[in-house]
Amino acid sequence: MLLFVYYPIFQNLRYGVLDWELFSGSKKFIGLKNYVKLFRNDGFWIAFKNNIFYIVISLIFQVGFSLILAAILENMKWRKLSTVYRTTFFIPSLISLTVIGLLFTFVFEPQGILNSFLRAIGMGNLARGWLGDEKTAIFAVIAVSQWKAIGYTMMLFIVAIQRISMDILEAAKLDGASKVQTFFRVTVPMIKDTILMVMIITTSGGFLVFNEVYIITNGGPYGSSEVLSTILYKNAFVHGKIGYASAIGNIILLFSAVLALFQTGAFSGIKKKKKGDGSI
């Protein structure tokens, strides 16, 4: 941990206050100028907004929708059919992201599958070049990420649900609780630690997302789908501005840590409240 986590963090904090040009090798201490320059850059705020979009949509689908999907599959009467569905939803998470990127490039192109489907159902007015439109490019990339990741988080929730004692579920059923009531009053409270873990993973993943954007749009068109990791990469390894890129990395670390602590604190508060009123 000291060698591969905390030492690199310390070094990155140090690099963030340097004017370090990779190709010339020059290093000069400039204090907080990298951060001032970063916050005055419109491209940074576009990338930050895109990361927020990514996090919010991912929390809705990779946490909320995946949890509901897991509960539905675990309550299916036909267990063999449930296994088929679980495997089907999980397979996309095993596919190479490069292959997925190429696949969805064909889906989103002007004459691709999505536009053909919209025209076939009489909604051709919505057809567009999804990856070439500044308003839709980032959301197309986010959609690809959800398609790939939902099956993985669903399996995490299924494992957590399977660990709930059947005695508790049977007691809820005998008390007259419906399946919806059992889900919200028994299942969700019993797996709240797994929910917290998935939320933290999803949030940090939203700030660290890189591959999807780089492969599918490379930040285009005109920087509209840039995220913090892509501008970090381009500044570090294309333009050679290591100090400036390190400042971006430190911002990513700060926001990820703050959100993780906030989520942990919120769940801890819920847990103490539940213990105080005697409920699950």
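The structure is a predicted model, in which local features need pLDDT of at least 70, side-chain atom pairs count only at pLDDT 80 or more, and totals for chains, interfaces and linings use all residues. Residues are numbered from 1 along each chain as its sequence is written, and side-chain values use heavy atoms, with hydrogens and water left out.

Helices are DSSP runs of H or I of at least four residues, numbered from the N terminus.

Helix α3 (residues 42-74) packs against α7 at an angle of about 40°, with the axes 7 Å apart. Axes are lines fitted to C-alpha atoms, for helices over the stretch in contact, and angles run from 0 to 180 degrees between N-to-C directions. The arrangement of α3 is therefore oblique to α7; angles under 35 degrees count as roughly parallel, over 145 as roughly antiparallel, 65 to 115 as roughly perpendicular and the rest as oblique. The crossing of α3 and α7 is right-handed, that is, the near helix is turned clockwise from the far one by less than a right angle. The contact of α3 with α7 contains 20 nonpolar, eight polar and one charged residues. Here Ala, Val, Leu, Ile, Met, Phe, Trp, Tyr, Cys and Pro count as nonpolar, Asp, Glu, Lys and Arg as charged, and the others, Gly among them, as polar.

Helix α5 (residues 97-108) crosses α7 at roughly 130°, and their axes come within 11 Å; α5 is thus oblique to α7. In α5, L97, I100, F104 and F108 meet A140, V144, W147 and K148 of α7, contact meaning heavy atoms within 4.5 Å. This contact of α5 with α7 has seven nonpolar residues, no polar and one charged.

Helix α4 (residues 79-90) packs against α7 at about 140°, with axes 8 Å apart, and α4 is likewise oblique to α7. R86, F89 and F90 of α4 meet residues of α7 including G151, Y152 and M154.

Most residues other than glycine have a negative phi, and most peptide bonds are trans. In the loop between α11 and α12, N218 has a positive phi near 55°. P221 is found in the loop between α11 (211-216) and α12 (228-238), and a cis peptide bond, with omega about -5°, joins G220 and P221.

How values were computed: Helices (H or I, at least four residues) and strands (E, at least two) are DSSP runs, numbered from the N terminus.
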